[in-house]
Amino acid sequence: MEKLYDRLMKDYRLREGLNACINCGTCTAICPAAEFYRYDPRRIVDIVQSKDEAEIEKLLKSDVIWYCGECMSCVTRCPRKNAPGLVIMALRSLSIDTGFFMESEKGRQMYVLCKDLCGNVLNYGYCIYPREFHYKGHEEAGTVWEWQEKHLEDVYERLGANFDGEGPGALRKIPDSDLAELKRIFDITGGTERMEKVKEAAMKKAEELGLSEEEYFNKVYTECKGAHFNH
Amino acid sequence: MIYEGKQKIWSDYQKEIPDDHYFYVRSCIRQSFFPASEAAFLHITRNILNKDIFETEHHTTCGGIAYHSDAIPQETAMTIIARQFALMKKYGYENYVCSCITSFGLYCETMETWREFPDLKEKIAENLWKSCKLEFAVPKFLVHASDMIYKYRNQIAAHAKFKLVDHKTGKPLKVVEHIGCHYSKMFPSKGVGGAEYPYVLAGMIEAWGGEVVDYPERRHCCGFGFRQYFVKSNRGYSLSNTYKKFESMEPYEPDLIITNCPGCPYFMDRWQYVIAESEGKTYGKNGHGIPVMTYEEVAGLVLGFDPWDLGLQTHQIGPEPLLDKMGIPYNPEEKYKGKNGKDLGQPRQLDCIR
Ligand code: SF4
Ligand code: SF4
């Protein structure tokens, strides 16, 4: 079987994001995730460049690779022009491709993300779409969103959007022919394959746990059992 | 002295921003939460400055939020982006302006990767043809919408009805600028002022009469973190980063926060509410929060647009203290009204923050 390191090196983000790391820890010092989670991007970059297969496999199965916020603050500061944030993205992709993502609590969150975000892209042409952004799941969106959700059409009309309308404008209905093109793009570039793979693994897990699809979604969406935090 | 030195570094580092003829692409988050900001951008550039800014209904998401949440592979994101660029070409444009910072960063990354790996570029062009029968193209100039408002900041100042100045005391207002991480942290040369001293928003603040606040966590991320916000159990990450920024800026008593990213104004607005409710703490005076606005909202206020046309009623933190300081008139009765005065009720009033 092809080595994990070799598979990683096929990812353009790794080829762009990993030169020789000198283990200085600058990335960890600037990293917002390292302050919040038990997370150390320096260590991750070091493991990858060590080419230690067993350690890389451990990473792919762990919560650790899912802590990064992909802010790319580390990229600006690395003295060797590494991009730890891109290295993480490559690790995450490989974790999904190998199925290892199912072995960590944070990795299993892929189910929620694929379902919601890919669903929005394919159904509406937007990553975020207001009819799918509910106050019930987002109380932090405030009483103003609670109000807006009840009056979506009226508020968007007041603000000059073209909600669900024809032609250009904010929140216009994206024509079906364009949505069909997005679907074809997903089909030929691995987007659909990733969605199916994540869903299949999630449904298998749900079945093992005796949960319905909705129950499994809610579990993954809210569960926080691991020793993730710094404090 | 030191401040002047820093200003020099900021102004020395510039990028080229064409004056006119742009293909405009919207942002998913901003359409949902700040649609009036995009409308203000188009109104200012098209109607006040007479620029040619073209939009087609056929453009879509760039896929950036899904990509940075790891929900789509890089090749998928790149092909969606190639489709956006191809539409630009199809409609006869070569300057591309996007409303979203996540898009902007991803476009920069994508174009750089294509430059470095021509085989990949060819593969994406093939994907594009197979899926959409569109011809591959890359923009000659790629800019973010805030780059353009920055470029036109002095023209906007020349049309100003109000300034970022306390109209009673004549003192400049203290303004925090928050730049989206993906604007220039990956590719400093693509942003006005680079990554360490980005000048894109500071330039607007200065041109419109305000004073820029320099505080320790100025460049810290707002904490969006993509999956760190979308999944409920991760949301503490997002909140704690915003909290860190507010604790750091508090001693400087800012009157306003101005942002150029889709997510940042939402998070810095809404997390103030969560902090107030959970910790009982507010960062403005007399139980108010600090208003957080997009650069178009601020430009609109400076130009004398009605605050409710700009959508300031859809922020959780009320803009009133800022409007009062700037001497901007507004009708509280109209705040939550729909088109033609339609009664839409109003949000539940909060005790913890205004
Ligand atoms: S900042 Fe760069 S060189 Fe230093 S530890 Fe991080 S990746 Fe390695
Ligand atoms: S991209 Fe990830 S690793 Fe880099 S600073 Fe941001 S959170 Fe940390």
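**View 1. Five residues of domain 1 of chain A meet five residues of domain 2 of chain A in contact (heavy atoms within 4.5 Å).** This is a predicted model, in which local features need pLDDT of at least 70, side-chain atom pairs count only at pLDDT 80 or more, and totals for chains, interfaces and linings use all residues. Residues are numbered from 1 along each chain as its sequence is written, chains are lettered from A and ligands numbered from 1 in the order in which they are written, and side-chain values use heavy atoms, leaving out hydrogens and water. The domain assignment, automatic or from a database, places domain 1 at 4-99 and domain 2 at 107-222 of chain A. Their C-alpha centres lie 28 Å apart.

**View 2. About 480 Å² is buried between domain 1 and domain 2 of chain A.** Buried area here is the accessible area (1.4 Å probe) that two parts lose on being put together, summed over both. Carbon and sulfur atoms give 61% of the area. On the domain 1 side, Trp66(A), Ile96(A) and Asp97(A) lose the most area to domain 2, together 83% of what that side buries.

**View 3. Residues from chains A and B surround ligand 2, so the site is shared between chains.** In total, 14 residues surround ligand 2, each with a heavy atom within 4 Å of the molecule. The closest are Cys31(A), Cys68(A), Cys71(A), Met72(A) and Cys74(A). Look also for α4 (32-36) and α7 (73-77) of chain A, each supplying at least two residues of the shell; helices are DSSP runs (H or I, at least four residues), numbered from the N terminus.
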